[in-house]
Amino acid sequence: MGESMFVQGNEACARGALYANLRFFAGYPITPSTEIAESLAELLPTVGGKFVQMEDEISSMCAICGASLAGLKVMTATSGPGFSLKQEAIGYAVMAEIPCVIVDAQRGGPSTGLPTEVSQGDVMQARWGAHGDHSIIALTASSVQDVFEITVEAFNMAETLRTPVVLLLDAEICHMRERLTIPDPGELHVVERLYTEVKPGVAYHPYLPREDGRLPISNFGDGHRFNVTGLHHDIWGFPTQNPDSIEYLNRHLYDKIENRTNSLARWKEYYLDDADIVLISYGSAARSALQHVFDRRLRGERLGLLELQTIWPFPADLVRKKTAHARRVIVAEMNMGQLCSQVKTAVEHPERVFLANRIDGRLITPENIARCIRLIDGRGF
Amino acid sequence: MINRILLSGSGGQGVITMAILLAQAACLYEGHNAIQSQSYGPEARGGATRSDVIISDEPIYYPKVQHPNILVALTNEASAKYLKFIRPNGIFLFDSDLVQPSTKMDADYVGFPMYKPVMERFGKPQALNICVLGALLELTHVTSFDSIRQCLKARFRPAFHQANEDALHLGQDLAASWKGTHRLG
Amino acid sequence: MSIHRLIRPRFFPHIWCPGCGHGIILNGLLHAVDEMGLEQNKLCMVSGIGCSSRISGYVDFHSMHTLHGRALAFATGLKLARPEVQVFVPMGDGDATAIGGNHFIHACRRNIDLVAIVMNNRIYGMTGGQFSPESGQGTMATTAPYGNIDPTFDVVKLAMGAGATFVARTTAFHVKEIVSIIKKATMHKGFSVVEILSQCPTYFGRKNKYGGPVEMLKWYRDNTAPIGSPKLKDNPGLIERGIFVDREMPEYCEEYDKLIARVRSRS
């Protein structure tokens, strides 16, 4: 284990990205994500990387796509309104299969909402913010150390599958400070980009995936000149309206992620073995859920927590298995039930699934969760 | 051991910096678990600010302080808002020129002027938070002075080191002489 | 012809209408690149959306066909990540000055070494003939059925005002000028803007009774004049052609490299 520091979640994200060999960041100031940009403005040049503050959120997302195609690991960071603005270019990255990481430090919405207060209202936007059928990966974290590690995971998944990965943090996690211990080099696995083995100058199909769904790349400026487009395209990257090509690409973009749902699942679990009430939560809400579980275990109550770090693709099998013996499943989140709706579709008994939420810009408390459970159990509020 | 510390005041008073220093000292130099979080309005200066610090030897899950055993308030507004949540036998530290506590709680009320001595000594209010920190450490010993000194040196440029040291001492002295006239607990 | 090595036959026939000026611009660009003898693997083209944007598919460069208005933003990331590549950024008039206006002015301000080519045919062609910021008051378009009341942007003045360090204008009629100006823009270190007035006989010409492509090209011949020419002196109302700005200023990627060197020498 390396150096310890006492930092915000945002700085842990920046340092995790550097551990994963981030070399290009483009961004625009927005609370509560700004410290990621500030950290990287300071740190990236020290490793020969580049930070650029663009004219807006849209251009930041576009710039990282350009830099990624030139061979660099890239990231941008934003929050609610900026995340909305980036969606068109996120869709482009999905379509053109450009590896990139997008941090969304969730704050209260809709619209400008609550710039300095927490929310988890962007769960569905992370999944469906870009138009059209597609799949995407979204990850969460509930501690400063986890932010670091999950950021490395985000890069690994983005590089492995050539896809945008949304790091769905929240204002609470981004701004809280805790101990961060930087892992030594090599301690965490770092995936590097998969390059084509086709020799320069020899015809290369830039959009012909391997059997395993992975798509080897060649950098702009290197020996293979190919076309990248947001239009439906064939294996050469040429625009096409051929129904077979369109269906092939749609299925490829969807399947390369959805077929890996189980292997992409990252989670933490606490006291699930004998739990008759299973809480499901993520991000900062998971801390309150865990506090509640911990407090109630002291009283002999059989509560457990499943903290989902991968929320997209939604790990339905995992949720079904982990809640199979639960009398109640309580989803604790700071929105109107965006993940709860997914849990309901995943479990055997959706009637046993309840939402414990808070949507007033404050971190949900263990008491909030306790009261919801009391009410559900018919013991009043 | 668990200390739940709530530091409150208005934007620009250095409340958040004070919280960071405290938590950082406990975490990096004393091997405890510590977490610091904050809430604030859109203003960089003015507006209500609070920062929560939990220092514990157990894992810390819920990061907020609902019932502090140590409360610091640097404005009347903050005192009115948070004093009612203080734990029995808690310590309430405030600047008696700035804050007139209205609620009577089962806690030790430790009030003496800090802003005024800081202005007399330094001619500007920037050192207030370090002075308060000095007083807080003298009263509670949540971390050692040495740990805080290390944090201060890491966080500020050398040009500020002496002023910080002086402010820390000022707070320590103010709290020590207060202790001489009042009995805690 | 040697410029054939610079195109992708697979992409042809192109989608442009007969008589469209965009093919002339492509031709001029290919000749410019060919004459400069640039290494093909270092050539990149980043385009946006619209008729103009399809140009990136036709060239055998590293090519990125991106989003409407965003080409310069993608290109900025690409260039910063790999400063040794030569990046051409062709855009339509709506692409560059309407939806992409913000990126356009900031790319000018940043002075990053890109060659922006505004293929200005004064209309949204791909969507069927709507007015653009370049159409001009009084022109007709499908979204201006009673005549356009929108004032125009002057692309050259816009680029100059925003700080571009190379600004030029020519037309699809002036084929050789296209080649020479693109060569100069490419050799210029910094952000270059080349406005090329192009004809859209299908929509702009038809809607505004300009006649066919030949008449539209003649219009450009007759209604433009080189900067400082006697023709312009006698007819100050004509559209000026030529190089308006060509000045030295620190280039963004070079400045960034200096910044990195400065930071790294400290540690």
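Trainee: How many salt bridges does the rule find across the interface of chain C and chain A?

Mentor: Good place to start, and keep in mind that this is a predicted model. Side chains of opposite charge can pair when their charged atoms come close. One such pair here is R70(C) with E88(A), whose side chains meet at 3.8 Å, N to O; because the rule asks for a distance within 4 Å, a pair at that distance counts. Across the whole interface of chain C and chain A, the number found is five salt bridges.

Trainee: What area is buried between chain C and chain A?

Mentor: The contact takes 41 residues from chain C and 42 residues from chain A. There are also 21 residue pairs in polar contact between chain C and chain A. Carbon and sulfur atoms give 60% of the buried area, and the total is about 3500 Å².

Trainee: By class, how do the residues on the side of chain C that touches chain A divide?

Mentor: Polar contacts between chain C and chain A join 21 residue pairs. On the side of chain C that touches chain A, the elements that each supply at least two residues are α2 (55–58), β2 (62–65), α3 (71–81), α5 (101–110) and α11 (252–266) of chain C. Sorted by class, the residues on that side are 17 nonpolar, 14 polar and 10 charged.

Trainee: What radius of gyration does chain C have, and does that value agree or disagree with a compact globule?

Mentor: Chain C is built with 11 helices and 10 strands. Along the principal axes, its C-alpha atoms fill a box of roughly 65 × 40 × 35 Å. A compact globule of 267 residues would have a radius of gyration near 18 Å, so chain C agrees with that, at 18 Å.

Trainee: Let's turn to chain B. Which residues of chain B lose the most area to chain A?

Mentor: Here the contact takes 21 residues from chain B and 22 residues from chain A. Together the two chains bury about 1800 Å², with 57% of it on carbon and sulfur atoms. Three residues account for 37% of what the chain B side buries, and they are Y40(B), Y61(B) and Y62(B).

Trainee: Which side chains meet in a salt bridge at 2.8 Å, N to O, where chain B touches chain A?

Mentor: The count between chain B and chain A is one salt bridge, so a single pair is what we are looking for, since the rule joins Lys or Arg to Asp or Glu. The two side chains are K64(B) and E172(A).

Trainee: Which element gives the largest share of the side of chain B that touches chain A?

Mentor: Between chain B and chain A there are nine residue pairs in polar contact. Both α1 (15–29) and β2 (33–40) of chain B supply at least two residues of the side that touches chain A. The largest share is seven residues, and it comes from β2(B).

Trainee: Which chains share the most contacts?

Mentor: No contact joins chain B and chain C, as their closest C-alpha atoms lie 17 Å apart. That leaves two pairs of chains in contact, and the pair sharing the most contacts is chains A and C.

Trainee: Now inside chain A: how many salt bridges are counted between domain 1 and domain 2 of chain A?

Mentor: The domain assignment gives domain 1 (4–181) and domain 2 (267–376) of chain A. Their contact takes 28 residues from domain 1 and 25 residues from domain 2. The side chains of R362(A) and E117(A) meet in a salt bridge at 3.6 Å, N to O. Between the two domains of chain A, the count is three salt bridges.

Trainee: Which element gives the most to the side of domain 1 of chain A that touches domain 2 of chain A?

Mentor: There are 17 residue pairs in polar contact between these domains of chain A. Several elements of chain A each supply at least two residues of that side of domain 1, including β6 (114–118), α5 (123–128) and α6 (144–161). The element that gives the most, with four residues, is α5(A).

Definitions and conventions. Residues are numbered from 1 along each chain as its sequence is written. Chains are lettered from A and ligands numbered from 1 in the order in which they are written. This is a predicted model: local features need pLDDT of at least 70, side-chain atom pairs count only at pLDDT 80 or more; totals for chains, interfaces and linings use all residues. Side-chain values use heavy atoms; hydrogens and water are left out. Domain bounds come from an automatic or database domain assignment. Contact means heavy atoms within 4.5 Å. A polar contact is a pair of N or O atoms within 3.5 Å; within protein, one must be able to donate a hydrogen and the other to accept it, and residues adjacent in sequence count only if both atoms are side-chain atoms. The radius of gyration is taken over C-alpha atoms; the globule rule is 2.2 Å times the number of residues to the power 0.38. Buried area is the accessible area (1.4 Å probe) that two parts lose on being put together, summed over both. Ala, Val, Leu, Ile, Met, Phe, Trp, Tyr, Cys and Pro count as nonpolar, Asp, Glu, Lys and Arg as charged, and the others, Gly among them, as polar.
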